[in-house]
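Q: Walk me through a model, feature by feature, and tell me how to read each one.

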Amino acid sequence: MSARVIVLIFAAALLLGVPYWVPGIYYINVASQILFYAIFALGLNVLVGYGGLVSLGHAGLFGIAGYATGFMLQLGYGHSVAIAMALVIGVTSMAVYAVLSLRSTGIGFIMITLALGQILWGLAYRWISLTGGDNGINLHGRPAAFGFEVSSANAFYYMTLVIFAIAVAASTIFVRSPLGAALMGTRDQPRRMNALGYHVWAIRFWACMFSGLLTAISGILFVYYTQFISPQTLALTSSAEVLLMVISGGAGTLLGPIVGAALVVIVKSVVSGFLERWNMLLGAIFVAIVILMPEGLVPGTARLWRRAWRRAGTRKVEAKP
């Protein structure tokens, strides 16, 4: 059995046992936050890490799915219809977002996504008849997943864990597929890919659609977790936060965004209870990562581990008579 399989089995056992070894409901809820924010970060990582397209407007798409869920429930529809409509609206919004933002790359792409995100935030803040403005939208109740109620912290965590596992599997398949390979080609050599006959714009568009799907799923989980959504969910700070999750963990890796999401959520939700100036701590951590591990925590740790392993092997060889 390879080391990777052993690590995956250990990680699965650890995640499945969270409600049994984590002390208290609060920390189980924190674990749920880590999982759905990790899905959000995985969605953004498709563009940032594999497509080379940095987005500062993904919180708008995240919030659209949440608002769509809450609005449909307010109209009296059931959870199944609300979730289905939220996914359709979220992915459709991503299509519009992609058509507008893919007109440019680099700084231009960043500025267009930033502008789109701010437009969505402004609509959520000002369109009071639809979004409730600062008062937001309140939800009542959670869906029954396959007949099982998920109103408790443990049940919601397990439902989120299942969706998280599916999202990770889907991301793995996407990255290792011909489309994923082509997307990385457009990141590294877009002109050469175009010369070889690949439709660069279409490849990026479908990557955006997959990213939008994961973002919409995480937005739905978020609104069911909080039972509330307000314009603050679509703010620029939310987009920057998830971008930091991707960068700090390691863009262009599958494990990196998950580690980054865990880091940010733990500092925000746990460390903030013990340290008043937790923002300074989070900033210091990011500065340290940029200086010591510019490629991110996961690739940087792997690099240091390989270096230490090689040094240990060299010492063993030198110690032999």
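**Reading the features**

Q: What relative accessible area does Arg303 have?
A: Arg303 has a relative accessible area of 24%, so it is partly exposed. The scale goes like this: buried is under 20%, exposed is over 50%, and partly exposed lies in between (1.4 Å probe, protein chains only). Keep in mind that this is a predicted model, where local features need pLDDT of at least 70 and side-chain atom pairs count only at pLDDT 80 or more, while totals for chains, interfaces and linings use all residues. Residues are numbered from 1 along each chain as its sequence is written, and side-chain values use heavy atoms, with hydrogens and water left out.

Q: Which residue does the side chain of Arg303 meet in a salt bridge?
A: Here a salt bridge is a side-chain nitrogen of Lys or Arg within 4 Å of a carboxyl oxygen of Asp or Glu. For Arg303 the partner is Glu295, with N to O at 2.6 Å. Glu295 is partly exposed too, because its relative accessibility is 28%.

Q: How many salt bridges does that rule give, and which residue pairs with Lys268?
A: The count comes to three. Lys268 pairs with Glu241, 3.1 Å from N to O. That one ties distant parts of the chain together: Lys268 sits in helix α13 and Glu241 in helix α12 (residues 236-249), 27 residues apart. Lys268 counts as partly exposed at 31%, and so does Glu241 at 22%. Another bridge joins Arg187 to Asp188, with the closest N and O atoms 2.9 Å apart.

Q: How many residues does α13 have, and how far does it reach?
A: Helices are DSSP runs (H or I, at least four residues), numbered from the N terminus. Helix α13 covers residues 255-269, so 15 residues, and spans 21 Å from first C-alpha to last, close to the 21 Å expected (the expected span is 1.5 Å times one less than the number of residues). Its buried residues include Pro257, Ile258, Leu263 and Val267.

Q: How do I read two packed helices, and at what angle do α3 and α9 cross?
A: You describe such a pair by the angle between the axes and the distance between them. The axes of α3 (residues 25-51) and α9 (residues 178-188) come within 8 Å and cross at roughly 55°. That makes α3 oblique to α9. On the α3 side the contact (heavy atoms within 4.5 Å) uses Val46, Gly49, Tyr50 and Gly51, facing Leu183, Met184 and Arg187 of α9. By class, that is four nonpolar, two polar and one charged residues.

Q: How far apart are the axes of α8 and α9?
A: Their axes are 4 Å apart, and α8 (residues 153-176) packs on α9 at about 65°. Phe174, Val175 and Arg176 of α8 meet a set of α9 residues, among them Pro178, Leu179 and Met184.

Q: Last one: is Leu42 buried or exposed, and which residues does it touch?
A: Leu42 lies in helix α3 and is buried, with a relative accessible area of 3%. Setting aside residues up to four places away in sequence, Leu42 touches Val168, Ser171, Leu214, Leu254 and Pro257. Leu42 and Ser171 are 129 residues apart in sequence, yet 7.5 Å apart in space, C-alpha to C-alpha.

Conventions
Axes are lines fitted to C-alpha atoms, for helices over the stretch in contact, and angles run from 0 to 180 degrees between N-to-C directions. Angles under 35 degrees count as roughly parallel, over 145 as roughly antiparallel, 65 to 115 as roughly perpendicular and the rest as oblique. Ala, Val, Leu, Ile, Met, Phe, Trp, Tyr, Cys and Pro count as nonpolar, Asp, Glu, Lys and Arg as charged, and the others, Gly among them, as polar.
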